[in-house]
Amino acid sequence: MEKRRGPPPCQSKKGCSNPAKIRKAKDGSQLCGPCFSKNFEDDVHETIVNNNLFKVRKNSIQFVVSFSHCSFLQRGERVAIGASGGKDSTVLAYVMKTLNDIHDYGLDLQLLSIDEGIKGYRDDSLLAVEKNRIEYELPLTILSYNDLYGWTMDDIVAKIGKKNNCTFCGVFRRQALDRGAFKIGATKLVTGHNADDMAETVLMNVLRGDIARLERCTNIVTGEEGDLPRAKPLKYCFERDIVMYARTNQLEYFYTECIYAPNAYRGYARKYVRDLEKVHPRAILDLIRSGEKVSVKKEVEMPTLKTCERCGYMTSQKMCKACLLIEGLNTGNTDLGVRKSKKSKKVIVEIEGEKKEEGCGSGGGGCGCAGAADETENEETRKRLKDLQF
């Protein structure tokens with residue numbers, strides 16, 4: 001009888017003799033648990049250094065990097081970590097604390113969570129964040145939609161139904177994180193967006209024909225033109241590797257999907273990307289690289305950023321998307337800022353005696369409905385994905 005072969009040896013470059021137990025999704029290398037964790041952390045650290053996210057000491061790395069422009073994060077800065085209790089934010093918080101200790105970044109890290117008001121989901125996930133606060137010894141601040149906007153997601157869904165609820169939640173959550181970061185005195189915000197998220201976003205913006213978002217959606221740092229830049233240290237980390245890292249290090253996280261997520265626009269792009277990855281494993285990185293190479297011609301009119309007349313938040317029109325959505329909820333016009341009409345309506349406005357045409361927003365006018373994802377758009381997406389060949 002042929003003797004059963006054991007697991008292959010660890011393929012770590014450091015010559016580890018332990019048996020391999022994990023296949024890294026990003027490059028297919030087979031590693032033991034400790035070497036996988038070290039390799040994952042090194043990848044994140046390299047991403048941080050190569051993209052100048054942190055100002056680190058020269059003796060903290062083993063590869064050559066120019067430090068003259070490492071100015072995104074300065075020693076002693078307060079950095080908010082967007083914490084939802086899920087796998088991505090839990091791993092982000094753990095890795096950030098680990099690297100901050102190992103490489104002496106000198107950052108004042110704080111957890112920031114948003115309570116959307118979804119009973120049976122967010123209240124449970126916040127328990128996981130509370131455990132992270134205790135285990136990682138990081139301060140935690142929690143803000144709620146109800147306090148910020150006067151509405152919870154449960155209230156919103158009760159009013160509008162289960163269509164378009166992700167549009168409301170996405171807009172409100174992004175602004176809530178910014179407001180929370182300002183509240184705790186943070187000057188930077190890091191989020192747990194991973195490589196799968198980035199690839200899905202590229203595909204979504206291609207399907208929507210959203211040139212403005214397509215050009216910037218793969219940026220590892222966004223919002224540099226404002227007062228609160230955002231960074232994505234896990235940009236090149238595959239979702240499967242994040243899950244394995246959490247399991248290897250026995251990290252506790254909340255893994256239940258949001259009860260309102262099944263109808264989300266992103267879900268169709270996610271399924272397609274996963275199917276594509278089965279055929280071509282590097283599809284995720286290829287999509288990201290494609291997005292990074294996109295550049296918009298100078299003659300193409302792009303939205304101009306300014307501040308919302310009502311709340312002062314950054315926007316490309318007179319009123320920000322969040323204020324439009326709140327106005328719609330309060331007045332009963334729940335389509336306001338959500339649905340795009342079949343034909344672009346042009347509104348004539350008078351500015352200092354001159355007439356100016358503003359589009360419905362998907363063009364240079366930057367209308368708040370540009371990110372809408374109603375059921376009609378979802379149906380169009382299903383058809384487009386079905387027609388794609390891979």
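This is a predicted model: local features need pLDDT of at least 70, side-chain atom pairs count only at pLDDT 80 or more; totals for chains, interfaces and linings use all residues.
**View 1. The open, mixed sheet.** Six strands form this sheet, in the order E5-E4-E3-E6-E8-E7. Strands E5 (140-144) and E7 (221-222) stand at the edges with a single partner strand each, so one side of each lacks a neighbour in the sheet. Helix H3 (residues 122-136) packs on the sheet, where H3 touches E4 (108-115) and E5; the direction of H3 makes about 170° with that of E4.

**View 2. Pairing of strands E6 and E8.** Strand E6 (residues 188-190) and strand E8 (residues 230-231) run parallel and are joined by 2 bridges. Within this pair, Val190 stands opposite Ala231 of E8.

**View 3. The largest nonpolar core.** This core comprises 40 residues, and Phe40, Val44, Ile81 and Val91 have the most contacts inside it. Two or more residues are given to the core by each of helix H1 (33-50), E3, helix H2 (87-102), E4, H3 and helix H9 (239-248). The largest share, 6 residues, comes from H2. With residues up to four places away in sequence not counted, Val91 touches Phe40, Ile242, Tyr245, Ala246 and Leu251.

**View 4. The contact of helices H2 and H9.** The two helices pack at an angle of about 65°, and their axes are 10 Å apart. The crossing in which H2 passes H9 is left-handed. From H2, the residues Lys87, Asp88, Val91, Tyr94 and Val95 take part; from H9, they meet Glu239, Ile242, Val243, Tyr245 and Ala246. By class, the residues of this contact comprise 7 nonpolar and 3 charged, with no polar residues.

**View 5. The surroundings of Met314.** Met314 is found in strand E10 (residues 314-315). Its relative accessible area is 35%, so Met314 is partly exposed. Leaving aside neighbours within four places in sequence, Met314 is in contact with Glu225, Leu305, Lys306 and Cys320. Met314 and Gly223 are 91 residues apart in sequence, while their C-alpha atoms are 9.7 Å apart in space.

Terms used
Residues are numbered from 1 along each chain as its sequence is written. Side-chain values use heavy atoms; hydrogens and water are left out. Two strands pair if DSSP finds at least two bridges between them. Helices (H or I, at least four residues) and strands (E, at least two) are DSSP runs, numbered from the N terminus. Contact means heavy atoms within 4.5 Å. Axes are lines fitted to C-alpha atoms, for helices over the stretch in contact, and angles run from 0 to 180 degrees between N-to-C directions. A nonpolar core is a set of buried Ala, Val, Leu, Ile, Met, Phe, Trp, Tyr and Cys residues joined through side-chain atoms within 4.5 Å. Buried means under 20% relative accessible area, exposed over 50%, partly exposed in between (1.4 Å probe, protein chains only). A crossing is left-handed if the near helix is turned anticlockwise from the far one by less than a right angle, and right-handed if clockwise. Ala, Val, Leu, Ile, Met, Phe, Trp, Tyr, Cys and Pro count as nonpolar, Asp, Glu, Lys and Arg as charged, and the others, Gly among them, as polar.
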